[in-house]
Amino acid sequence: MARNGGARMSRRIQGIGMTSRRTRERMISRLREQGIYNSKVLAIMSDTPRHIFVDEALESRAYEDTALPIGHNQTISQPYIVAKMTELLLEKGPLLKVLEIGTGCGYQTAILSKLVAQVYSVERIAPLMKKARDTLWELGIKTVGFKHSDGGWGWPEHAPYDGILAAAAPAEIPEALLEQMAVGGVMVIPVGLEGMQELHRVTRTEHGFEDEVIERVSFVPFLSGVSQ
């Protein structure tokens, strides 16, 4: 039975029709047209089956440039946003240790795991974290640590981080996350109230923080507390 399940998962990862390699390559071509230039990011996104991170009923839409629901009032970010945030995080040089706030379905986590040495991912919604962990395990990704916690607290036990990426928008950047950045570290985070959000890249220097506003975005709100 387990063997049959493994074979089914293998076929699902390969994809057919609207989940095939050809469809994935069309997504990559579109990302290039949208200004994504980091060849490593594009290669990893080409190799990562986005469709297995959404419900099977939505698989045929997985490579559209749109956010899709993943349950619990959360979404998987559109491919462009995943690519842009990852590119911004890596633009100033390679990173060893990255904190991700908001595991969600685990797609962004999977992309990061192929580009940095270690990912520490925090998710406030327990069922999402468990499902993401299982999916990444199926893909053979074992360089990710998971924690069920309030994302605003970060994960101080493993700080400082070379990079922090947040997949939800707070009204302002949590102080705890700034404190957990290494000198020279980079944080990519959407900030602002619904309808007024902007993507920021914050770099910690020896003298403080440099904050760049990149572009307008739309994310789910950064909520406090945890959900079982």
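Mentor: Start with helix H2, residues 21–33: it has 13 residues and reaches 19 Å from its first C-alpha to its last, close to the 18 Å expected at 1.5 Å a residue. The expected span is 1.5 Å times one less than the number of residues. Helices (H or I, at least four residues) and strands (E, at least two) are DSSP runs, numbered from the N terminus.

Trainee: Before we go on, where does the model come from?

Mentor: This is a predicted model, so local features need pLDDT of at least 70 and side-chain atom pairs count only at pLDDT 80 or more, while totals for chains, interfaces and linings use all residues. Residues are numbered from 1 along each chain as its sequence is written, and side-chain values use heavy atoms, with hydrogens and water left out.

Trainee: Back to H2, then. Which of its residues are buried?

Mentor: Thr23, Arg24, Met27, Ile28 and Leu31. Buried means under 20% relative accessible area, exposed over 50%, and partly exposed in between, with a 1.4 Å probe and protein chains only.

Trainee: Change of topic. What is the strand order in the open sheet?

Mentor: The open sheet has seven strands in the order S5-S4-S3-S6-S7-S8-S9, with mixed pairing. Two strands pair if DSSP finds at least two bridges between them.

Trainee: And which strands stand at the edges?

Mentor: S5 (144–148) and S9; each has a single partner strand, so one side of each is left without a neighbour in the sheet. Neighbouring strands are turned by 15° against each other on average, direction ignored.

Trainee: In what sense do S3 and S4 pair?

Mentor: Parallel, over five bridges, with S4 covering residues 118–123. The bridge partner of Val98 in S4 is Val119. Helix H6 (residues 126–138) packs on the sheet, touching S4 and S5, and its direction makes about 165° with that of S5. Contact means heavy atoms within 4.5 Å. Axes are lines fitted to C-alpha atoms, for helices over the stretch in contact, and angles run from 0 to 180 degrees between N-to-C directions.

Trainee: How many salt bridges are there?

Mentor: Nine, taking a salt bridge as a side-chain nitrogen of Lys or Arg within 4 Å of a carboxyl oxygen of Asp or Glu. One of them joins Glu91 and Arg201 at 2.7 Å, N to O. That pair links Glu91, in the loop between helix H4 (79–90) and strand S3 (97–101), to Arg201 in strand S8 (residues 198–205), 110 residues apart.

Trainee: Is Arg201 buried or exposed?

Mentor: Arg201 is buried, at a relative accessible area of 5%, whereas Glu91 is partly exposed at 39%.

Trainee: What else does Arg201 meet?

Mentor: Glu212, in a salt bridge of 2.9 Å, N to O. Salt bridges that share partners join Glu91, Lys92, Arg201 and Glu212 into one network.
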